[in-house]
Amino acid sequence: MSKVSITINGKKISCSPEQTILDIAKENGIFIPSLCYHPDFCAKGTCRVCVVEVSGKAPLFPACVMRPVEGMEVFTDSKKVKEARDTTIDLLYSQHAKECPDCCQGNSCDLNDLAKRYGLKKNFIHRKKNRKTYKFANAVEIDGSKCIDCRNCIDACAKIQEIKYLELDRNGSEQEVIPTTDPEIDCIYCGQCAVHCPVNAAREQSQWKEVEKILKQKNRKKTLVIQFAPSIRVSIGEEFGLPYGEVVTGKITTALKKLGFDYVFDVNFGADITTVVEAKELVERLNNKKAVFPMMTACCPAWVKYVEFYHPELIPNLTTSRSPQIHNGGVIKSYWAKQKNINPKDIVVVSIMPCTAKKFEASREELFIDGISPVDYVITNREFAKILRSNKIDFAKLESQENDDVMTSYSGAAAIYGSSGGVMESALRTAHFLVCGDNKSGVCSERIEFTEVRGLTGVKEAIINVGGKELRIAVANEIRNAKKVIDNLASYDYVEIMACPGGCIGGGGQSIPTTPEIRKKRMEALYKIDKGKKIRKAHDNKGVMDSLEWLENNKIDHKILHTTYVKRNKNK
């Protein structure tokens, strides 16, 4: 398509007529403020912060939806623009309950940044100060007193997930985002509303204060253990100015030790456990003519909640394998506790997760072991960053520290759990081994990489040979894409579903912003970790296999490694 020539603030620019003025300005180093704009959605011009003036036109136009035409002259900082922009930002800022010390948005609060940039103060009445906070289980909440009516949360729920749990109530100045009362629609706790909210109105139900309280206890009697998920190592650095996707595993260990945790574990160890357990179940189903197919992954608790509420008929399809954080927590409070001679009741396990639904998962009674929850607290990546900032830890300047505990060892297969397709690829590596054995039969050759399941595409399909058996597989991320797979379920033998865009790298508890380009860089970093590991298959992790053998010998393997699911009613 031919280009058009325009000017922005006197600068001549050649651009595509398909671009928006906002995108063109960004590409050319021209700042235009925005709040409601997010590349995951079609621009809607709701906040009116990005207005610009066009020569010869009376009204101002939102730059996020305006397309260029030949000869257009655009001004981003004229007197007319300044007056409108400052009034709009001031109005939004006045109606946003300012609780910065407790906010997990941290350095990513665009509204606060804009107010400082333009020297604005709260000059309007806060008409939303008495709005209520809607809580969804123990995972997510929406605080009406902070809402700026950008509707990103509604778009996330309706367009990414096609759940439509959030809706607008009333009109005009009384407009408010509320949960639907429709009994056929329920929240899945994915947190996409939170990771797309520019002002922390939609957010995780925070537990960072409870964790800090334990950390600051003098003469603490309980052993405080913390574990961090695969994708955290490629995203937490962003909170402190490091490049998107930079791997900071060693810095995380150093930071957590400085905070005062007694032990630092890696959920990648639990991911290797999950891989072995799930791969065994897959092979068992393949060898059982009466088994239910397709087998479906269950690492994603938002997906599990979706099945339990919307499609309980699919519960038998879900693998009985627990998720990595729950496996790790269970092994910590059994195998590791025995090694250290610690009463499991005296161990407090904290997880750092990229996911808000993991908070709900940790509270599921189906996962309790003899009345004890494997994981006691779950904090998101944003909450972790908040704790670091509140303790004045300059994360970017920390030295890397290795952790030599056996429960921090992991394979490359574990590292890729954070990306869509990673769970399946990890399981296929081990399933391939379980079917092929020592390969002496000549039926199959060793295979490590299953590139067919990789990438950020919404639905990926392939036929893969595993030990001479053709396996029809599907991988989907985002619930809207999961629906496509469900509609065609009979076509598959094995299915992986992740509720969030790109998988955990785009989770509801991730750093803000999280955009398609940022997700891509996080994904690439995870596969780079995998490629660089000497051990790339879960069953080659000796520490994992030793722990599984111990569980089996003590006849507690089933209750530590497997779970059940239930048909759920709304808000349960």
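1. Just after helix H4, Glu-162 adopts a positive phi of about 55°. Helices (H or I, at least four residues) and strands (E, at least two) are DSSP runs, numbered from the N terminus.

2. The model is predicted: local features need pLDDT of at least 70, side-chain atom pairs count only at pLDDT 80 or more, and totals for chains, interfaces and linings use all residues. Residues are numbered from 1 along each chain as its sequence is written, and side-chain values use heavy atoms, with hydrogens and water left out.

3. Helix H4 spans residues 152-160 and is largely enclosed by the rest of the structure, because 7 of its 9 residues are buried (under 20% relative accessible area, with exposed over 50% and partly exposed in between; 1.4 Å probe, protein chains only). The buried positions are Asn-152, Cys-153, Ile-154, Asp-155, Ala-156, Cys-157 and Ile-160. Their cover includes strands E8 (166-169) and E9 (176-179), together with helices H5 (192-195) and H15 (479-487).

4. Asn-112 belongs to helix H3 (residues 110-117) and counts as buried at 13% relative accessibility. Leaving aside residues up to four places away in sequence, Asn-112 touches Tyr-93, Lys-98 and Cys-100; contact means heavy atoms within 4.5 Å.

5. The structure holds 0 disulfides, a disulfide being a pair of cysteine sulfur atoms within 2.5 Å. For Cys-299, the closest cysteine sulfur is that of Cys-504, 8.1 Å away and therefore too far for a bond. The sulfur of Cys-300 has its closest cysteine sulfur in Cys-355, at 6.1 Å, which is also too far for a bond. Cys-299 is buried, with a relative accessible area of 7%, and Cys-300 is buried at 8%.
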